[in-house]
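This report concerns the salt bridges of one protein model. Please look at the sequence and structure below before reading on.

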Amino acid sequence: MSRIRTVKGTITKTTGRDHNIYSDGNIVYNSGKAITETSDAGIVYGDPQKAPVMSIFKKIVNVKWMCAEMKEEINTASIGNKVSLLIRTCHYKNGEIISLKIKEIDDKEIKGGEKELTYKGIVDEDGYAELKEQVEI
């Protein structure tokens, strides 16, 4: 996940205890004037602490029925219509495959004798996956 914050003013962070920043990549500070670091106990570089292990749970945030061409969300479909699914995820990586199982209410047949269908999609960099198999109603 990326976040860009543009502020036309001052940001002040006050932390009552420790303030830790961890990154798998670079941490870059850039200033048009000066970067100032102060400390009563000194400033130390090198031998960084290991970042704490985060327990991140993958989850599906939202599922929307879409028209077959994935151009607009739909609320209803008629027999013979083809529909697709748009899934919004959280904590899935770009390129990761997600699958979704669909069952009819009361264990009824969905399609060709099947009572459960599985559809797959690839999560994009924004956390969305398009399941374009086009379920026929």
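The sections below describe the salt bridges and the exposure of their residues.

## Overview

The model is predicted. Across the whole structure, a search finds four salt bridges.

## Glu-96 and Lys-58

Glu-96 and Lys-58 meet through their side chains in a salt bridge, with an N to O distance of 2.2 Å. The two residues are 38 residues apart, and the pair links distant parts of the chain. Glu-96 sits in the loop between strand S2 (82-90) and strand S3 (97-103), whereas Lys-58 belongs to the segment before strand S1 (59-67). Lys-58 has a relative accessible area of 46% and is therefore partly exposed.

## Lys-64 and Glu-73

A salt bridge also joins Lys-64 to Glu-73, where the closest N and O atoms are 3.9 Å apart. With a relative accessible area of 31%, Lys-64 is partly exposed. Glu-73 is partly exposed as well, at 45%.

## Lys-101, Lys-103 and Glu-116

Lys-101 and Glu-116 form a salt bridge in which the closest N and O atoms lie 3.8 Å apart. Lys-101 is in strand S3 and Glu-116 is in strand S4 (residues 116-122), so this pair ties together parts that are 15 residues apart in sequence.

Lys-101 is exposed, with a relative accessible area of 57%, because the cut-off for exposed is over 50%. Glu-116, at 31%, is partly exposed.

Conventions: Residues are numbered from 1 along each chain as its sequence is written. This is a predicted model: local features need pLDDT of at least 70, side-chain atom pairs count only at pLDDT 80 or more; totals for chains, interfaces and linings use all residues. Side-chain values use heavy atoms; hydrogens and water are left out. Helices (H or I, at least four residues) and strands (E, at least two) are DSSP runs, numbered from the N terminus. Buried means under 20% relative accessible area, exposed over 50%, partly exposed in between (1.4 Å probe, protein chains only).
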